[in-house]
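Open your viewer and get ready to click around.

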Amino acid sequence: MSASQPAAVPTSATPTHGAIVIENVLLLGERAAHIVLDNGTIALVRDADTPLTDAEIPAGAARIDGTGLVALPGLVDLHTHLREPGREDAETIESGSRSASRGGFVAIHAMANTTPTADTAGVVEQVWSRGREIGLVDVYPVGAVTVGLKGEQLSEMGAMAMSKARVRVFSDDGKCVHDPVVMRRALEYVKTFDGVVAQHSQDPRLTEGSQMHEGVVSAELGLTGWPAVAEESIVARDILLAKHVGSRVHVCHVSTAGSVKILRWAKEQGINVTAEAMPHHLLLTDENVRGYDPLFKVNPPLRTQEDVDAVREGLADGTIDIVATDHAPHSDEDKDCEWGAAAMGMIGLETALGIVQKVMVDTGRMTWADVAYRMSYLPARIGRVEGTHGLGIEEGVAANITLVDPNAAWTVKASATASRSNNSPFGGIELPGRAVATILRGRPTYLDSRFEGLFA
Amino acid sequence: MKHLLSTNDLSRAQAIRILDTAEQMAATQDREIRKLPTLRGKTIVNLFFEDSTRTRISFEAAAKRLSADVINFSAKGSSVSKGESLKDTALTLQAMGADAVVIRHWASGAAYRLAESGWMHGSVLNAGDGTHQHPTQALLDAFTMRKHLIGAQEGPGAHMQTPTGNDLTGLTVGLVGDVLHSRVARSNVSLLTTLGAKVVLVSPPTLVPVGIESWPVEVVHGLDEALDRFDIDALMMLRVQRERMSGGGSSFFPSAQEYTRLFGLDGDRMRRLPGHAIVMHPGPMNRGLEITAEAADSERSVIVEQVSNGVAVRMAALYLLLAGEEDAQ
């Protein structure tokens with residue numbers, strides 16, 4: 001079905017640029033190689049044992065010494081909040097794009113909970129074309145499942161799918177499509193254009209007024225609990241609905257051990273479900289809430305160490321398919337206040353890769369090839385942008401590459417971000433590595449200061 | 001001690017020091033001139049984001065009897081219509097030179113935020129934050145228990161010579177009612193445990209927080225069972241918030257009558273307590289719901305005395321926060 005859709009590649013927006021040669025880089029962290037990028041595509045990939053000949057190096061090419069760096073296919077985020085239109089004080093498509101490219105991303109999916117809601121072809125086209133104009137990352141708008149995220153009436157998903165934005169991912173994220181009949185209809189309807197419903201799994205009745213994970217810490221802090229069962233009951237229901245109607249569902253921000261178990265069962269049954277984990281759910285726990293600092297307020301909430309361990313394990317064994325950021329910018333006013341009045345969410349585009357390295361790679365749970373699979377290959381396929389992203393590093397494909405320095409340890413400073421907001425809970429945490437260059441269709445969209453002058 | 005935010009933060013020695021100081025403060029209240037010059041020149045702000053006339057008056061009386069200047073700042077605002085932010089209010093108070101802020105707020109953790117965020121430099125005294133803590137309430141409850149039960153004629157505290165300098169080791173305290181939403185219960189559980197008492201929570205399962213298994217308490221789901229199983233020295237009836245039983249799908253118990261039947265204290269149940277036991281309530285009471293008039297007005301009831309002890313305990317807390325450190329040198 002998707003074959004009849006127009007291509008999503010906005011190549012015409014890409015400005016001209018010269019060729020790039022990356023020498024002696026660790027391809028997916030596995031073997032040393034030379035890579036030549038020319039005319040927006042990967043012209044050559046070769047084992048580093050054989051030096052490049054003069055003929056193979058395009059004239060005027062910028063040469064990057066890749067020694068010690070890892071080359072990954074450009075990262076794809078399936079879950080970003082850009083806030084434009086409506087809350088440009090917190091983030092714009094431009095600042096969010098810049099933050100994404102600094103984090104190593106070449107494509108992001110912009111969630112629908114803007115003002116106005118991205119529930120019409122007009123809004124998604126506006127977001128898509130603004131992203132294209134900026135050109136730092138490919139911005140794929142996510143369409144709302146229901147009008148105004150109200151959970152009542154299906155939005156015109158077909159119009160959004162057929163618009164220039166070519167929407168394939170639909171989500172009321174921030175709110176749960178809680179009515180089982182509405183969810184069933186949505187799952188059925190997206191089959192029309194091979195779409196997916198990305199569900200924010202949260203039973204609203206079980207989480208009224210909720211402030212944090214319900215457990216030992218909430219009991220002590222006197223904050224209204226967000227029980228794990230409110231997530232797990234919806235995950236289970238949606239999986240069964242997807243099976244029943246033969247559609248596919250994507251579970252956003254898996255946060256509990258129970259959800260991981262349910263997903264594991266569903267995959268054993270061959271049900272068409274995918275799931276994502278967030279860096280903060282891989283690293284932080286409800287113990288972080290003890291100081292009542294709203295930087296740690298997020299939805300779904302930070303869970304227990306047992307949940308964190310289960311999410312890590314689920315990601316390692318493939319029960320959870322991908323890592324996404326849930327980058328959620330909020331203005332200072334919405335965070336520099338008492339816990340109960342604060343907004344939920346945290347930024348995360350620039351810290352995601354470093355956290356995944358710290359928690360998954362450096363601990364031996366995942367290889368860099370796994371990172372490529374879970375942060376580029378699979379998210380591109382779930383989002384149905386696999387014609388443009390998640391292509392791997394092979395000759396002849398679009399030159400979308402993220403260079404990682406796994407030995408560039410850094411201490412996160414919340415305010416040192418390209419995002420317009422600085423609501424990062426990771427300030428002061430040391431991360432082992434980071435993206436040092438992001439290349440979209442052959443053009444560097446982010447370069448670490450070490451490469452200064454290289455592209456003069 | 002810079003702030004008083006949670007009874008969880010108090011060591012046994014600190015708690016006993018506050019109670020002993022409160023005894024001295026209480027003694028001064030029998031004199032003809034009750035005012036002490038101790039905090040002259042200090043400014044104390046009562047910052048109340050929630051209505052609570054009783055608590056505010058108690059703090060105001062305590063501060064005035066220590067000769068502090070008192071400013072009452074009512075910044076009422078619900079969680080929905082926030083009005084001025086806590087941060088701006090704090091900056092204002094800082095600019096006005098408040099030495100201490102007594103804060104009552106609807107949000108759990110608000111007192112922590114005020115103390116830790118760097119918005120202001122004065123001492124912060126938590127007068128109730130959401131469903132988290134209300135430390136001076138627990139201190140006045142402990143003070144009242146110690147006075148009646150430690151060094152008493154009978155009961156587990158009878159072997160002690162005097163309340164002064166002692167903790168509550170050996171006592172069993174029952175807290176009856178809504179633990180889930182109660183800052184009084186949370187404050188009491190930590191303080192009573194620190195002071196060596198055994199705590200029995202008597203509550204419907206719907207009003208016990210998930211995660212309570214980590215608390216050092218016994219939990220029973222009926223007042224009769226509690227009276228059968230434990231020799232309770234102090235029985236504290238918690239206030240039932242009427243909105244908790246507003247019916248519909250969210251109510252925590254079926255009806256007021258059923259609550260009274262299972263958890264209410266009447267004369268018959270009161271008479272099953274040991275002879276020396278006392279009956280307590282943080283106020284305001286719902287007579288006929290969690291406690292009958294017979295129990296509330298009985299000789300065992302120390303409910304009115306809790307109020308006067310509250311002033312002495314708050315005097316002690318303010319004194320130790322604002323003058324204590326200089327004196328301790």
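One term to have in hand: a residue is buried if 20 or more other C-beta atoms lie within 10 Å of its own, exposed if 12 or fewer, and partly exposed in between, with C-beta atoms placed from the backbone. What you have open is a predicted model, where local features need pLDDT of at least 70 and side-chain atom pairs count only at pLDDT 80 or more, while totals for chains, interfaces and linings use all residues. Residues are numbered from 1 along each chain as its sequence is written, and chains are lettered from A and ligands numbered from 1 in the order in which they are written.

**Stop 1: chain A as a whole**

The C-alpha trace spans about 65 × 50 × 45 Å along its principal axes, and 59% of the 456 residues count as buried.

Now for contacts: two residues are in contact if their C-beta atoms, placed from the backbone, lie within 7 Å. Take the contacts in chain A between residues at least 6 apart in sequence, and 75% of them join residues at least 24 apart.

**Stop 2: two residues with positive phi**

Pick R441(A), in the loop between β19 (434-440) and β20 (443-447) of chain A. Its phi is positive, about 50°, although R441(A) is not a glycine. Is R441(A) buried or exposed? R441(A) counts as buried, with 24 C-beta neighbours inside 10 Å.

Next, jump to Y292(A), in the loop between α8 (279-283) and α9 (305-317) of chain A. Y292(A) isn't a glycine either, and has a positive phi of about 60°. Y292(A) is buried too, with 26 other C-beta atoms within 10 Å.

**Stop 3: two cis peptide bonds**

Zoom in on E84(A) and P85(A): the peptide bond from one to the other is cis, with omega near 5°. P85(A) sits in the loop between β6 (75-80) and α1 (93-102) of chain A. Then select T115(A) and P116(A), joined by a cis peptide bond with omega about 0°. Look for P116(A) in the loop between β7 (105-110) and α2 (121-134) of chain A.

**Stop 4: a helix pair**

Colour residues 228-245 (helix α6) and 257-268 (helix α7) of chain A: they pack at an angle of about 15°, with axes 9 Å apart. That makes α6(A) roughly parallel to α7(A) (angles under 35 degrees count as such). To see where they meet, show A228(A), E231(A), E232(A), V235(A), A236(A) and I239(A) in α6(A), and G258(A), S259(A), I262(A) and A266(A) in α7(A).

**Stop 5: where chain B touches chain A**

Finally, bring in chain B. How many residues of chain B are in contact with chain A? There are 24, and they meet 18 residues of chain A. On the chain B side, α3 (86-96), α4 (110-116) and α6 (183-194) each supply at least two residues. α4(B) gives the most, with 4 residues.

Key. Axes are lines fitted to C-alpha atoms, for helices over the stretch in contact, and angles run from 0 to 180 degrees between N-to-C directions. Angles under 35 degrees count as roughly parallel, over 145 as roughly antiparallel, 65 to 115 as roughly perpendicular and the rest as oblique.
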